[in-house]
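Thanks for making time this morning.

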Amino acid sequence: MTEENSTDHCGDANKAFTSSQGQLLVGDKKYTVRSLKMNGATMMFLGSAEPECLDEMAVAMQMPQDGQIIGTTILGAQSSITDSQRLAEQFTRRYGRQFFVSFNAQVDRMTAPLLEKQLNEYMRNNKDLFV
């Protein structure tokens, strides 16, 4: 369920940056989604509504030579694939553009799939904010 959505535009039509904010409700918890759509890339922050923090960030892109999706965590734990990296790779594969993702939500095995489903639905319904 999306509770709120706001959008701001910066720059001219050819080089516009579009920032947006929305909230997702999963059970009784609120999560904030912030995005910055840039020319060729999208930066997304997903976290608990309060307090907001930046614990990790990952980036993924499609290689022009062979179309392979590569990703890495650029901030936070680097011992395994983080939720941020997994989502960045998933969004890059789905939308064909570079994604920076910061997933900063405390979720468990039950909440994580519900949050991801809400996020995917939110992105599908508001594709112009991300792509």
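Before the strands themselves, a word on terms: two strands count as paired if DSSP finds at least two bridges between them, and the helices (H or I, at least four residues) and strands (E, at least two) are DSSP runs numbered from the N terminus. What you see is a predicted model, in which local features need pLDDT of at least 70 and side-chain atom pairs count only at pLDDT 80 or more, while totals for chains, interfaces and linings use all residues. Residues are numbered from 1 along each chain as its sequence is written, and side-chain values use heavy atoms, with hydrogens and water left out.

On confidence, pLDDT being the predictor's confidence in each residue from 0 to 100, the protein chain has a mean of 88, with 89% of its residues at 70 or more.

Turning to the pairing, nine bridges link strand 2 (residues 17–26) to strand 3 (residues 29–38) in the antiparallel sense, with S19 opposite L36. Two residues lie between these strands in their hairpin, where G27 adopts a positive phi near 65°. Strand 3 also runs antiparallel to strand 4 (residues 41–48), over eight bridges, and there T32 has G47 as its bridge partner.

Finally, Q85 sits in helix 1 (residues 83–95) and counts as buried because its relative accessibility is 10%, the cut-off being under 20% relative accessible area, against over 50% for exposed and partly exposed in between (1.4 Å probe, protein chains only).
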